[in-house]
Amino acid sequence: NPVQDMKHIGFIATCLFITACSDPAERAAEQALYQGVQPYREQRYADAEAIYGAAAHDSRVAYNLGNSFYQQHLLDTSLRTYARAIELSTGDTADVRCLYNMGHTWATLAVYTDSLVGSHERTLDDMRIEGNDIAQKVRQLVLRDSIRLVVQRLDHLVDSALAQSASAYKSTLRLTPHDEDARHDLASVQKRMAAR
């Protein structure tokens, strides 16, 4: 059909014109968004990270970079990258997606940290101060007290991570009040907070 062919040619010409007129930073962002999809889908998150990292000056690319970090269990880096994506955004839907993912990342951090608390508490329960060697008993006491201090700090981190998660989900709901996933996840986090 000649009309469809003309529309197709016009679309291609428009895309080429936009690409030719855009600045190098925009072209780098578009290229990163295009090239990063395949490695991310193939779960080659480090490869996707390298591609997205080259153009993280764009909020969309920074969001994808944050997702790549999350998939590699680099939670702190993921949180910083989502925050950077929000700084770079112009108030578009990236804010909502970043806030939601921040809530999820904080909740994941709380779960991981809580499992460490449980592991250290089991170590404390199994620990016995025994033997006749005074130096050995002192080392065991110091180790026990050090583990208790770590448990206290980890407990504080769990509480803080849950509070940050709840805050991110609430911010998501302020922007998208009908987001049922955010509402459900907020309720789950609040339930965990109440159980502590």
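Reading helix packing and cores in a predicted model

Me: The axes of H2 and helix H3 (residues 45-53) come within 8 Å and cross at roughly 175°. How are two packed helices described?

Reply: Two packed helices are described by the angle between their axes and the distance between the axes. Axes here are lines fitted to C-alpha atoms, for helices over the stretch in contact, with angles from 0 to 180 degrees between N-to-C directions. Helices (H or I, at least four residues) are DSSP runs, numbered from the N terminus. Angles under 35 degrees count as roughly parallel, over 145 as roughly antiparallel, 65 to 115 as roughly perpendicular and the rest as oblique. H2 is therefore roughly antiparallel to H3.

The model is predicted: local features need pLDDT of at least 70, side-chain atom pairs count only at pLDDT 80 or more, and totals for chains, interfaces and linings use all residues. Residues are numbered from 1 along each chain as its sequence is written, and side-chain values use heavy atoms, leaving out hydrogens and water.

Me: Which residues of H2 and H3 make the contact?

Reply: Contact means heavy atoms within 4.5 Å. From H2 come Ala 32, Leu 33, Gln 35, Gly 36, Val 37, Pro 39 and Tyr 40, and from H3 come Tyr 45, Asp 47, Ala 48, Ile 51 and Tyr 52.

Me: How do the axes of H2 and H4 cross?

Reply: The axes of helix H2 (residues 24-41) and helix H4 (residues 59-71) come within 10 Å, crossing at roughly 25°. H2 is thus roughly parallel to H4. On the H2 side, Ala 29, Glu 30, Ala 32, Leu 33 and Tyr 40 meet residues of H4 including Arg 60, Val 61 and Asn 64.

Me: Which residues touch the most other members of the largest nonpolar core?

Reply: In soluble globular proteins, nonpolar side chains tend to be buried together. A nonpolar core is a set of buried (under 20% relative accessible area, 1.4 Å probe, protein chains only) Ala, Val, Leu, Ile, Met, Phe, Trp, Tyr and Cys residues joined through side-chain atoms within 4.5 Å. Of the 24 residues in the largest one, Tyr 82, Tyr 169 and Val 189 touch the most other members. H4, helix H5 (75-88), helix H6 (93-126), H7 and helix H8 (180-195) each give two or more residues to this core. Another core, of nine residues, lies apart from it and includes Ala 29, Ala 32, Leu 33 and Ala 48.

Me: Where does Lys 170 lie?

Reply: Lys 170 belongs to helix H7 (residues 134-175). Leaving aside neighbours within four places in sequence, Lys 170 is in contact with Leu 186 and Gln 190.

How values were computed:
Buried means under 20% relative accessible area, exposed over 50%, partly exposed in between (1.4 Å probe, protein chains only).
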